[in-house]
Amino acid sequence: MNTTNTLTHHWRHDILGESFEMKYVRHPDDYCGEVRSSIIRYKGTTGAAKGILYVHGFSDYFFQKELAEMFAAHGYAFYAVDLRRYGRSLSAGQKMFRVRDLHEYFADIDAAVAQMHADGTEHIALLGHSTGGLTASLYMSEAPSPSIRVLMLNSPFLDWNLPKAVKRFAIPLVSLLGAVLPDIPVHQSPDPAYGRSLKDCEYRREWKPDILPDPDAGWVRAIHTAQRELRRRSIKVPVLLMHSARSARRGDSTECYASADSILDVADISYYGRRLGDDVTDVSIDGGLHDLALSPTPVRRKVFAVMTEWLAKKGM
């Protein structure tokens, strides 16, 4: 566990309302200057023996209030982390989402785990969404806290949703470029349809833009390297792998985008996800969005039931 973090900042009121509070964690400076992550917790659940730690995805931050409320209602302590240079953790003048190696985020996760321990939570379920699912999987395959008993994945970013030729040739080339010129932007054609599918969700567009921003070559290298490393390893704890039943493609109807994963290929998620370890439960959610926790209400309730029932079966 990283020991250079500073858990000295006081808890303060969180933007999600009276039921939530947050604190900053100071980390050693890096290539972007000042580094901090944020821990968010649901008030009234601290001290519960079992808890959930949520890790968000790319171009994202924690705002899924209903997810926290659901877990709290089932007796779990609920915590989330805004990773460095995301959401609450952004410092003035910083470029969002900048990372050179997903291992950088391990310290952010460790700090949240340490806070949960300090609050009295002994057994933890790590829950990662999209890029956060990739990061959480890498963490659990390499340097997990022994208190994390299970891993839950919400549409994890285990492979690029790109044509095979691009994945085979272009991504490795950009990754090589990222080793020497990490700040070069990598243009992507914007697709606003996913943002429109979240029209009923309340979140801060300055922290979660409806059109995904261009990443840089260093970010591409970090993702590509993590995906390759993960395919050579095995996660030792039980894994719940969740994803939509189908993916949406450009040109599909608005109705399709409102009931499918428009960011990743669900076939790839299932293929690589089932190879993460010896105990993987693969669950396909009909009508689910990329972030299953933001799906329409009936689908969302199904997702919540899948998680709580699986946790109970695994003694969590």
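**Sheet and helix packing in a predicted model**

Q: In what order do the nine strands of the open sheet run?
A: This is a predicted model: local features need pLDDT of at least 70, side-chain atom pairs count only at pLDDT 80 or more, and totals for chains, interfaces and linings use all residues. Residues are numbered from 1 along each chain as its sequence is written, and side-chain values use heavy atoms, leaving out hydrogens and water. Strands (E, at least two residues) and helices (H or I, at least four) are DSSP runs numbered from the N terminus, and two strands pair if DSSP finds at least two bridges between them. The pairing is mixed, and the order is E1-E2-E3-E5-E4-E6-E7-E8-E9.

Q: Which are the edge strands?
A: An edge strand here pairs on one side only. The two are E1 (12-14) and E9 (280-285).

Q: Over how many bridges do E2 and E3 pair?
A: E2 covers residues 17-30 and E3 residues 33-42. Asp-30 has Gly-33 in E3 as its bridge partner. The sense is antiparallel, and the count is nine bridges.

Q: At what angle do H2 and H3 pack?
A: H2 spans residues 106-118 and H3 residues 131-142, with axes 10 Å apart. Axes are lines fitted to C-alpha atoms, for helices over the stretch in contact, and angles run from 0 to 180 degrees between N-to-C directions. The angle is about 80 degrees.

Q: Which residues of H3 does H2 meet?
A: Contact means heavy atoms within 4.5 Å. H2 brings Phe-106, Ile-109 and Asp-110. In H3 they meet Thr-135, Leu-138, Tyr-139 and Glu-142.
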